[in-house]
Amino acid sequence: MGAASLILRANASEEIGAGHVMRLIALAQGARREGCSSHFVLGGDPGFCAAKVADAGFAASPSYEAIGSTADLEHLKSVAQANEAAAVVVDGYDFDTSYIGALAESCRTVVVDDLAEGHIPAHIVVNPNYGAEELLYDVARGARGARVLAGSDYALLRSEFVDTPRPQYVTEPLRLILTFGGSDPVNATTRVVRSLGAVQTTADIRIVVGAGFRAREELSAAISSNAHRMEVLCDPANMAECLSWGNLAITAAGGTLWELSYLRLAVAAFSIVSNQDETARSLADRSMIFGGQRLQDLSDVELASILEKFLTDADTRNTYAARYHKLIDGRGAQRVMAEVLST
């Protein structure tokens with residue numbers, strides 16, 4: 001057997017978003033730095049995510065089977081066997097206990113999780129979210145030697161971020177990044193643009209949308225009726241470079257939070273899907289970010305008020321940012337791979 005290899009299984013679509021695939025790209029890049037090759041198995045309608053995997057230099061194959069089904073499991077096991085995989089990494093909410101348990105009986109199994117709901121019979125469970133170390137994971141009945149790697153020390157950042165020197169936090173002039181992920185299934189981008197129309201600010205605004213964003217006409221209409229200076233970037237080739245332009249950001253409470261912490265931006269973040277609720281609330285409760293609520297629960301007046309304070313209260317913003325920037329050191333993938341490849 002040659003160099004160790006990983007099999008990475010995730011799904012993507014306009015509804016699911018790109019987050020599961022993108023953080024597995026970060027893990028695959030960490031594996032590559034350890035001399036370990038990676039092969040992705042993608043389900044759903046991955047489209048633009050498959051292109052991201054290819055652009056990162058990794059092989060990928062589709063799973064045409066029903067997500068989480070026995071046929072899907074058998075296909076994944078066959079790919080792992082064919083590649084003599086050192087481990088299989090699964091990231092997503094459609095793989096139940098029986099799926100993970102059967103996989104763990106055939107190979108070393110790693111689950112990347114956000115929810116801590118129920119028993120996860122894997123060898124390693126990774127939850128890279130802030131405060132996850134306080135969650136109670138049931139892995140005692142799982143694979144022998146099961147480990148839980150929880151908390152922001154295990155945040156998975158892609159190479160474009162960790163290979164970028166961390167900038168100093170610059171407070172002026174205000175340059176605002178607005179981004180809600182690869183697909184933004186609830187069109188939070190347009191709603192926030194409209195709310196910014198009610199806020200007095202001198203910030204230059206850069207709106208970043210992913211290849212899976214479908215509400216472009218609606219966004220264009222909102223921008224055209226807005227008095228603020230705004231530019232739109234679609235699916236930038238280097239997200240780290242794109243985000244580094246800013247010094248503050250409005251975003252969803254997904255993986256972008258860890259990228260923004262690493263790049264030292266001040267942040268207002270909102271949950272747009274249920275798996276982001278706890279992270280958003282935890283960071284806001286500890287005065288690291290503005291917002292923290294479920295975006296859909298806020299009225300337009302409430303949202304505009306939060307954004308107004310974020311953009312105008314520099315003292316509070318800078319105090320929050322100083323705490324927030326301490327969360328991420330960029331070595332999360334390295335720490336996870338050390339456990340994955342340990343015997």
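Select Arg264 in the loop between helix H9 (256-262) and strand E12 (266-271). Helices (H or I, at least four residues) and strands (E, at least two) are DSSP runs, numbered from the N terminus. This is a predicted model, in which local features need pLDDT of at least 70, side-chain atom pairs count only at pLDDT 80 or more, and totals for chains, interfaces and linings use all residues. Residues are numbered from 1 along each chain as its sequence is written, and side-chain values use heavy atoms, with hydrogens and water left out.

**Backbone stops**

Stay on Arg264. Its phi is near 65°, a positive value in a residue other than glycine. Most residues other than glycine have a negative phi, and most peptide bonds are trans. Is Arg264 buried or partly exposed? Arg264 counts as partly exposed, at 23% relative accessibility. Buried means under 20% relative accessible area, exposed over 50%, and partly exposed in between (1.4 Å probe, protein chains only).

Next, select Ser287. This residue lies in the loop between helix H10 (277-285) and strand E13. Phi of Ser287 is near 55°, again positive in a residue other than glycine. Ser287 has 23% relative accessibility and so counts as partly exposed.

Step back into H10. Its buried residues are Thr279, Ala280, Ser282, Leu283 and Ala284. Show H9, E12 and E13 as well: the buried residues of H10 pack against them.

Now select Glu172 and Pro173. The peptide bond from Glu172 to Pro173 is cis, with omega near -10°. Pro173 sits in the loop between helix H5 (159-162) and strand E8 (175-179).

**Asp184**

Move to the loop between E8 and helix H6 (188-196), where Asp184 is found. Asp184 has 5% relative accessibility, so it counts as buried. Which residues does Asp184 touch, not counting residues up to four places away in sequence? Thr189, Phe213 and Ile272. Contact here means heavy atoms within 4.5 Å. For a distance check, select Met337: Asp184 and Met337 are 30 Å apart in space, C-alpha to C-alpha, and 153 residues apart in sequence.

**The open sheet**

Colour the seven strands of the open sheet. What is their order? The order is E3-E2-E1-E4-E5-E6-E7, with parallel pairing. Two strands pair if DSSP finds at least two bridges between them. E3 and strand E7 (147-150) are the edge strands, each pairing on one side only. From one strand to the next, the twist averages 20°.

Zoom in on strand E5 (residues 109-112) and strand E6 (residues 124-127). Three bridges join E5 to E6, and the two run parallel. Val110 stands opposite Ile124 in E6.

Axes are lines fitted to C-alpha atoms, for helices over the stretch in contact, and angles run from 0 to 180 degrees between N-to-C directions.

**H1 against H2**

Select helix H1 (residues 19-33) together with H2. They pack at an angle of about 10°, with their axes 10 Å apart. H1 and H2 are therefore roughly parallel to each other. (Angles under 35 degrees count as roughly parallel, over 145 as roughly antiparallel, 65 to 115 as roughly perpendicular and the rest as oblique.) Show side chains: Val21, Met22 and Ile25 in H1 meet Cys49, Lys52 and Val53 in H2. The residues of this contact divide into five nonpolar, no polar and one charged. Ala, Val, Leu, Ile, Met, Phe, Trp, Tyr, Cys and Pro count as nonpolar, Asp, Glu, Lys and Arg as charged, and the others, Gly among them, as polar.

**Aromatic pairs**

How many aromatic pairs does a search of the whole structure find? Four. Rings of Phe, Tyr and Trp (its six-membered ring) pair if their centres lie within 6.5 Å; planes under 30 degrees apart count as stacked, over 60 as edge-to-face and the rest as tilted.

Select Phe40 and Phe58. Their ring centres are 5.9 Å apart and the planes are at 45°, so the pair is tilted. Phe40 is in strand E2 (residues 37-44), and Phe58 is in the loop between helix H2 (48-55) and strand E3 (59-62), 18 residues apart. Both Phe40 and Phe58 are buried.

Finish at Phe290 and Tyr320. Their ring centres lie 4.9 Å apart with planes at 45°, so this pair is tilted. Phe290 lies in strand E13 (residues 290-294) and Tyr320 in helix H12 (residues 314-324), so the pair ties together parts 30 residues apart in sequence. Phe290 is buried, with a relative accessible area of 6%.
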